[in-house]
Amino acid sequence: MDSNSQRPEEKKRSEGVPAPDGPANLIDTDYVIGQDNLTASPMGFNIDLHGKVFTISSLVIVLFVVLTLALQDQVAPVYDVVFSYLTTNLAWFFIFAANIFVLLCLFLIVSPFGKVRIGGAEAKPDFTYMGWFSMLFAAGMGIGLMFFGVNEPLAHFGTSFDGSNWAPLGGATGELEGDAAGSAALGMAATIFHWGLHPWAIYAVVALSLALFAFNKGLPLSMRSVFYPLLGERVWGWPGHIIDILAVFATLFGLATSLGLGATQAAAGLSYLFGAPEGDVTMILLIVGITIIAIASILAGVEKGVQLLSKINIAMAAGLLFFVIAVGPTLLIATGFFDNLLNYVVNLPALSNPFGREDANFSQGWTAFYWAWWISWSPYVGMFIARVSRGRTVREFLVAVLLVPSLVSVLWMTTFGGTAIDQYLSQGIEAVRDAGVDLQLFIMLEQLPLSNITSFIAIVLVIVFFVTSSDSGSLVIDSITAGGKVDAPKPQRVFWAIIEGSIAIALLLGGGLTALQTMSVSTGFPFTIILLVACYAIIKGLMSEPKTA
């Protein structure tokens, strides 16, 4: 890696990526963003895409969708076998890797590298703290919090309380059987483990690596750029093509998992509230309708489309959260927030242990899937976070990305999960625990005032999260398949939005939730290896950067 002062010709090289402000060590390469792209205007539609990455990614994905839809009965058992094999045999690997990501982030926070500023030593933040925090949280969780906010705390509480072999930690040996308070505490700690530091550390590693090599080193905003310290100029050839293709696969299937979960929950809510017919037809119509809305948002542009929807979504989510706090067991939620945080910290070493686990069902069926899912999401979330974090120091960036969203997740899970557990224990409402995973949120809200209104808001939230995920995800995938350009033609983003919806439909029809989970784990495994290598690249890149005071 050569260190160079900023030169005008190098600024021009980084088309679509802002040049560093102040001292920064640009990487000396003759590569120009988009130089390997194919450009044309068939039927009046402009295209500007990386021929090899786009062609291989799109052909493989389309072939996958066609085969899954054509051979539904044959592929469903395959998904079951693959998911079981990967989570059973590789759970330790996912858990070990996620621990590495957390430790790296904590090390960077306290090390001198924390003084490095993203975008150059004199770069200024593009957004206020409030706007930045809102975007960080909206990007990272969304549909997942809506889907699992009630279900997961109840599930871990229930398995511990019943002495099931699916219980986390001590509950697996029956130590908490019949102990309501202990089971609730462990259930919340296990839930927060899946929504706290580890997933956000995964996002932080991807986001920091992308931001560093794009905004400080002048390379394209693409995963291949992160590997320049290891591969040098070869990163623009087939090694880099493979990295970007894997990033496309991981992002698409990670998004498809979230969109599939969102569709099942929205369909269940519509059936519960309005008597809409349940089944595949309703979910397919939802996915098609929401994809059309996402396309409209794409055509409206980022400013008028996804940004407006994101602001509306955050406001609605905050309103629903504080409503449940106000009319639910307020004191229990307030005290539970701190109790759950403490229980999380106490149980964190045991929950994050990758070896010799006695709770194999929990660590393999829950944790391994979650870590693979977050890793699949990470190119999408990481690129989004990178784009909105220019001007922050590494320390500021990591503290914000790790701690602020994690605390919000703790509050969310304490509020929704804690309220549901209280309804079961204190009010004897068994339906809230016995309902299907996609209905538990609505059963919990039914016990509170204005349930029809809040349930409708919850459905709208899921749908809008669906739209913003599809829109933003299309932007990220299009950037990767356009050779790192951030201003590629809109028809390409429309294409990827349609592909995302098609994958979600194909997976739901071809194997339901198991198929969705299987593809997240399958694409998450090779991408985990990429992220472990990226950890080294981050250190290598930070070593040459000037540090702020």
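Which helix does V288 lie in?

1. That residue is a handy place to start: V288 sits in helix α11, residues 280–300. (Helices here are DSSP runs of H or I, at least four residues, numbered from the N terminus.) V288 is partly exposed, at a relative accessible area of 38%; buried means under 20%, exposed over 50%, and partly exposed in between, with a 1.4 Å probe and protein chains only.

2. Before going on, a word on the model. It is a predicted one, where local features need pLDDT of at least 70 and side-chain atom pairs count only at pLDDT 80 or more, while totals for chains, interfaces and linings use all residues. Residues are numbered from 1 along each chain as its sequence is written, and side-chain values use heavy atoms, with hydrogens and water left out.

3. Back to V288: its C-alpha atom and that of S426 are 41 Å apart, and 138 residues separate the two along the chain.

4. C105 is in none, and its nearest cysteine sulfur, on C535, is 7.8 Å away. C535 is likewise in no disulfide, with the sulfur of C105 as its nearest. C105 is buried at 2% relative accessible area, and C535 is buried at 8%.

Note on methods. Helices (H or I, at least four residues) and strands (E, at least two) are DSSP runs, numbered from the N terminus. A disulfide is a pair of cysteine sulfur atoms within 2.5 Å.
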